[in-house]
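The structure is shown first.

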Amino acid sequence: MSDRRRELPSVSSLLDTTGVRSLLDQHSRESVVDAIRVTLAAARVDERSTRPGDDWTDDIASVLRTAAMPSLRKVLNATGVIIHTNLGRAPLADAALAAIHDVCGGFSNLEYDIDTGKRGSRYSHCVSLLARLTGAEDALVVNNCAAALVLALNALARRKEVLVSRGELVEIGGSFRIPDIMGSSGAKLVEVGTTNRTHDDDYRRAITPKTAAIVKVHRSNFTISGFTSDVSVESLVFIAREHGLAVVHDLGSGLMLDLGEYGLGGEPTARAAVAAGASLVLMSGDKLLGGPQCGIILGDKSVIGKLRTNPFARAMRVDKLTLAALEATLRLYTEPARARQEIPVLAMLTTTRERVRERTGRLAADLRARGLDAEVADTIASVGGGAFPAAMLESSAVSIGAATKTEERLRLGNTAVIGRIAGDRVLLDLRSVPERDDAELARAVMESLT
Ligand SMILES: *Cc1c(COP(=O)(O)O)cnc(C)c1O
């Protein structure tokens, strides 16, 4: 046994100190003993940690605090990237949070028909709202858009061929790739055209008796420009009808309102995508739609009916939390002006730079009053995951000195604040912070930096 190890106190002697005994008021004996063991183990390998004779209470209390912190917890997204997949994509509207609280705190009519007193279907819940908002005849909600794609292709094209343009074989992040997802459905992928140009005839020539569907994948996270051409959904629908094929349009983003007047044009809305005539339109619930993670499948009753009875539908079925939050979010869209204000993603996308500047001005002034090196800087924010990849949103950030240290302190604070480093400064871009979090952000920044 080394000298250092002999110097360390025993677990039972530490349990007997006044400081550690006080921890037992708030923590079980078991967790305090665990925390003592962790602290001693760290002291054994770390020369600088507390020595015998010192008070070990703070070290042990700190281990207890860390252990009590949930693994999944709130962070404040001041990166300026609004839909940030690593940071949980869309924050939910208050109405959606309230619905989760109401529906999921007790029992619900998830699969129960209150009118008849008989068994109901979980698939019934968001259908009429989705139909009303998008013009689709029927709808099915599954766990995410990738699941929607697998389900759609399994139901419509298993052991058959599916045509897709080489310009649309995209990676959607986290190294997940559309071709791999499509392949896992049991359909055989047939690539047509080239990366930059695909024509009607590329599709026509690839059609064989084994072809079941044409897939159109929205380019949601990149643009291609220059010598390019691709085939519109309308034209694909025309070609598909000639040969009795289905058209599956993976829209990805889930835009429900036209945002052209906010400088965000060129993305099709869900309604426009449905009107273009594809057999199925697929989209995410937690991108531009601003709701919970889910995959929304829109289409005719006959096609959606096939998907609903497919075994994958059961494997990909959504939980009541998702349905509660989605229904409340969709209901906000029945009043578009309200949706723009109350759905955080839309509020963050459509707020003005002036408004963001007011907020950064306040925060910067508060920080300067505490002696911190903080200024307001004009920035460009972005939409992030799955939509408007080229959009540049005029924004404003609080710029704080001593980049590396500041970034780390903000990130490791009790409430993590995630900013971005630009040169030797940290930028806290407030366009990606829902306004309801401003006070919490100010508190978290002060606490971490002062
Ligand atoms: C984001 C995206 C997906 C995946 O959606 P998830 O809901 O994350 O599964 C699929 N296709 C496109 C075009 C996308 O943009």
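This is a predicted model: local features need pLDDT of at least 70, side-chain atom pairs count only at pLDDT 80 or more; totals for chains, interfaces and linings use all residues.

Residues are numbered from 1 along each chain as its sequence is written, and side-chain values use heavy atoms, with hydrogens and water left out.

A charge does sit over a ring: Arg 197 lies over the face of Phe 227, at 3.8 Å from the ring centre, the criterion being NZ of Lys or CZ of Arg within 6 Å of that centre and within 35 degrees of the ring normal.

Five strands form an open sheet of mixed pairing, in the order 2-14-15-18-17; strands (E, at least two residues) and helices (H or I, at least four) are DSSP runs numbered from the N terminus, and two strands pair if DSSP finds at least two bridges between them. Strands 2 and 17 stand at the edges with a single partner strand each, so one side of each is left without a neighbour in the sheet.

| Edge strand | Residues |
|---|---|
| Strand 2 | 81–83 |
| Strand 17 | 420–422 |

Strand 14 (residues 374–384) pairs with strand 15 (residues 393–400) in the antiparallel sense over eight bridges, and Glu 375 stands opposite Ser 399 in strand 15.

Ala 369 is found in helix 18 (residues 353–369). At 69% relative accessibility Ala 369 counts as exposed, a term for over 50% relative accessible area, with buried under 20% and partly exposed in between (1.4 Å probe, protein chains only). Ala 369 and Ala 390 are 21 residues apart in sequence and 38 Å apart in space, C-alpha to C-alpha.
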